[in-house]
Amino acid sequence: MKALVTRLDSFGDVLLAGPAIRAVAARADTVTLLCGPRGAPAARLLPGVDDILVWDAPWVGFAPPPVGRGEVEQLIDTIDADAALVLTSFHQSPLPAALLLRLAGVGFLAADSEDYPGSLLDVRHQRAPHAHEAEAALHLAEAAGFPPVDDGRLQVLPPPVTTGLTGPGPYVVLHPGASVPARAWNPERCAEAVRELAAARHRVVVTGSAGERDLTAAVAGAHALDLGGRTGAAELSGVLAGADAVVTGNTGPAHLAAAVGTPVVSLFAPVVPAERWRPYGVPYVLLGDQDAPCAGSRARECPVPGHPCLDTVTAHDVVTAVEKLRGET
């Protein structure tokens, strides 16, 4: 059986699909992962994936492309699968993807769907109301005939050794950026946390993408090692795997840290529910006011003056959380 799993959104979302993908891989001859361009770097890290199709879906993302008949027809002609899972977040519909997969000739389709799917789905599953996104995907896989084959935690392929980047000895990672501005901690607070962590005798490594070099340089200052723009997805997995703890918002590196087994201090803005998106399967400390007025808004830009959900968090709170996690591991 040739299986296909679809997860079309971001880096972290693709990582959260990993346990379900491994369940499918245990029963299928091959597994293709259909993902978007932002999720592709994560897709390349996942065990159980034999092939990757990258497609920028016009109903996904912050700046989706226009609908193009040629691109849609090319995708339909490329897909070759007998069965497929369409994985989506709790607020997304799987039906646009399901329609394209049906047109591509996929004979068996399963998805979580609140909407009536007509003949688009063979398994219309209802997710548990408070399930974490990783658990929801795994539950769907089981309902579709792909039961769990391991402990269900996040996993990636073995990370590379990155002591050439980080240097020897223990360290804590602080990742200040986020793809959604509402989920990012104030850069000045990040820099203050770096200084207080260093004062508490923690060696600090600051990470970020190539587009975040100015941010990471400002946050690292003279007190931390700045790796902004120096790590791809695989190298970042190695840096996070070597850390005693990772301090970051609700963004892809939080899930990558969980996938390599590193505890997470999660600066979590409640624009989406922590019960669905918190670090999964590792020790964590959740910081931020989960009852702030922005809770559940799914806002990209903070809708409340002063960003109170995260700006109430202090550098001292972060140091205390890091030391708590270090004491537990």
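Pro-66 is found in the loop between S3 and helix H4 (69–78); helices (H or I, at least four residues) and strands (E, at least two) are DSSP runs numbered from the N terminus. At 75% relative accessibility, Pro-66 counts as exposed, where buried means under 20% relative accessible area, exposed over 50%, and partly exposed in between, with a 1.4 Å probe and protein chains only. Pro-66 and Asp-56 are ten residues apart in sequence, and their C-alpha atoms are 9.8 Å apart in space.

The model is predicted: local features need pLDDT of at least 70, and side-chain atom pairs count only at pLDDT 80 or more, whereas totals for chains, interfaces and linings use all residues. Residues are numbered from 1 along each chain as its sequence is written, and side-chain values use heavy atoms, with hydrogens and water left out.

**The sheet**

Six strands form an open sheet in the order S3-S2-S1-S4-S5-S6, with parallel pairing; two strands pair if DSSP finds at least two bridges between them. The edge strands, each pairing on one side only, are strand S3 (51–54) and strand S6 (123–125). From one strand to the next the twist averages 15°, with axes as lines fitted to C-alpha atoms, for helices over the stretch in contact, and angles running from 0 to 180 degrees between N-to-C directions.

Strand S1 (residues 2–7) is joined to strand S4 (residues 83–86) by four bridges, and the two run parallel. Within this pairing, Thr-6 stands opposite Val-86 in S4, and the bridge partner of Val-5 in S4 is Leu-85. Four bridges also join S4 to strand S5 (residues 108–112), again in parallel, and Val-86 stands opposite Ala-111 in S5. In a regular strand the side chains alternate between the two faces of the sheet. Both faces of S4 are covered: Ala-83 and Leu-85 on one side, and Ala-84 and Val-86 on the other, are all buried.

The structure holds one aromatic pair. Rings of Phe, Tyr and Trp (its six-membered ring) pair if their centres lie within 6.5 Å; planes under 30 degrees apart count as stacked, over 60 as edge-to-face and the rest as tilted. The rings of Trp-55 and Trp-59 have centres 5.6 Å apart and planes at 65°, so the pair is edge-to-face. Trp-55 is buried, with a relative accessible area of 11%, while Trp-59 is partly exposed, with a relative accessible area of 34%.

In helix H6 (residues 133–143) the buried residues are Glu-133, Ala-134, Ala-136, Ala-137, Leu-138, Leu-140 and Ala-141. Gly-145, whose phi is positive, near 100°, follows H6. Arg-201 is not a glycine, yet has a positive phi of about 75°. Arg-201 is placed in the loop between helix H8 (187–199) and strand S8 (204–206), and at 78% relative accessibility counts as exposed.

**Cavities and pockets**

On a 1 Å grid over the protein atoms alone, a cavity is a set of points where a 1.4 Å probe fits but cannot get out, and a pocket is an open set with protein on both sides within 12 Å along at least five of seven lines; lining residues have an atom within 4 Å of a point. Grid points are joined across faces, edges and corners, and a volume is the space filled by probe spheres set on the points. In the classes below, Ala, Val, Leu, Ile, Met, Phe, Trp, Tyr, Cys and Pro count as nonpolar, Asp, Glu, Lys and Arg as charged, and the others, Gly among them, as polar.

| Space | Volume | Lining residues by class |
|---|---|---|
| Largest pocket | about 1,100 Å³ | 21 nonpolar, 21 polar, eight charged |
| Second largest pocket | about 190 Å³ | two nonpolar, eight polar, four charged |
| Largest cavity | about 60 Å³ | eight nonpolar, four polar, one charged |

The largest pocket is lined by 50 residues, of which Ser-10, Phe-11, Asp-13, Arg-38 and Ser-179 lie nearest its centre. Helix H1 (11–16), helix H10 (233–241) and helix H11 (252–259) each supply at least two residues of that lining; the largest share, four residues, comes from H1.

The second largest pocket has a volume of about 190 Å³. Among the 14 residues that line this pocket, the closest to its centre are Ser-89, Phe-90, Gln-92, Asp-112 and Glu-114.

A search of the whole structure finds three cavities of 30 Å³ or more. Of the 13 residues lining the largest cavity, His-175, Pro-176, Trp-185, Gly-249 and Leu-267 are the closest to its centre. Strand S7 (172–175) and strand S10 (245–249) are the elements that give two or more residues to this lining, and S10 provides the largest share, three residues.
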